[in-house]
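Morning, everyone. I have one structure to show you today.

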Amino acid sequence: MSNNLCLFGAGGHGRVIAEQLIKAGKNQLCFGDGTLPLHTLVSDIPVLFQSVTDIADRAVIITIGDNEIRAKMQAQAEASGLELASFISPHSYYAADAPGAGSMVMAGSIVNIGASLGRGVIVNSGAIVEHDAQVGDFCHLSPGSVMTGGVRLGAGVFLGPNATVLVGVSIVAGAVIGAGAV
């Protein structure tokens, strides 16, 4: 990952990622956000870009929680030739192959052996992806959610807080699984 990193999306998820990156020793950060004036400080980090296509000389992670918006913004970044970084918190347990471009694995989460993460995936705080589970592109696993062994999520699935998907179940693309659901 490039030393110079732009987090595109300065909302709640972006601020959490920024804090975890700083704690991991990455201090060459900026935000991009189309809703904030340039040079606004968000958690003491400047907003330097208002469009993802304006970013230059740095890698980018799209730090927007909404799956559809994140997918659209990442497609724009890729079309512009930007380097898409991924982030795995040093305070997570990560035993799988490298995640897809633009994926984020937050503190307290577990991704076990044989699991795979597509592009632009969020494995939020305390989420669990068990062995041999497959997470499609641009999925969002909310805090405390659990994917047991062999589960498959299609692209763009939102798994709500504390939801559990049981062994071997497949979830179709775009599904929303509510908080606490089994």
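Predicted model: local features only at pLDDT ≥ 70, side-chain atom pairs only at ≥ 80, totals over all residues.

Strands first. Strand β4 covers residues 45-49. Phenylalanine 31 has valine 47 as its bridge partner in β4. On to β3, residues 41-42: this strand pairs with β4 in the antiparallel sense, again over 2 bridges. Here valine 42 partners isoleucine 45. β3 and β4 make a hairpin with 2 residues between them. In that turn, serine 43 has a positive phi of about 50°.

Now helix α1, residues 12-23, where isoleucine 22 sits. Beyond its neighbours within four places in sequence, isoleucine 22 contacts Leu29 and Ile45. Its relative accessibility is 40%, so it counts as partly exposed.

Next, charges. How many salt bridges does a search of the whole structure find? The search gives 3. One is in helix α1: glutamate 19 and lysine 23 lie 4 residues apart, about one turn of the helix. Their N to O distance is 3.3 Å. Lysine 23 is exposed at 61%; glutamate 19 is partly exposed at 39%.

Then look at arginine 119. Glutamate 78 forms a salt bridge with it, closest N and O atoms 2.9 Å apart. That pair links distant parts of the chain, helix α2 and the loop between β10 and β11, 41 residues apart. Aspartate 137 also meets arginine 119 in a salt bridge, at 3.1 Å, N to O. Shared partners join Glu78, Arg119 and Asp137 into one network.

Key: Residues numbered from 1 in each chain as written. Heavy atoms only, no water. Pairing = 2+ DSSP bridges. Buried < 20%, exposed > 50% of the residue type's maximum accessible area, 1.4 Å probe, protein only. Contact = heavy atoms within 4.5 Å. Salt bridge = Lys/Arg side-chain N within 4 Å of Asp/Glu carboxyl O.
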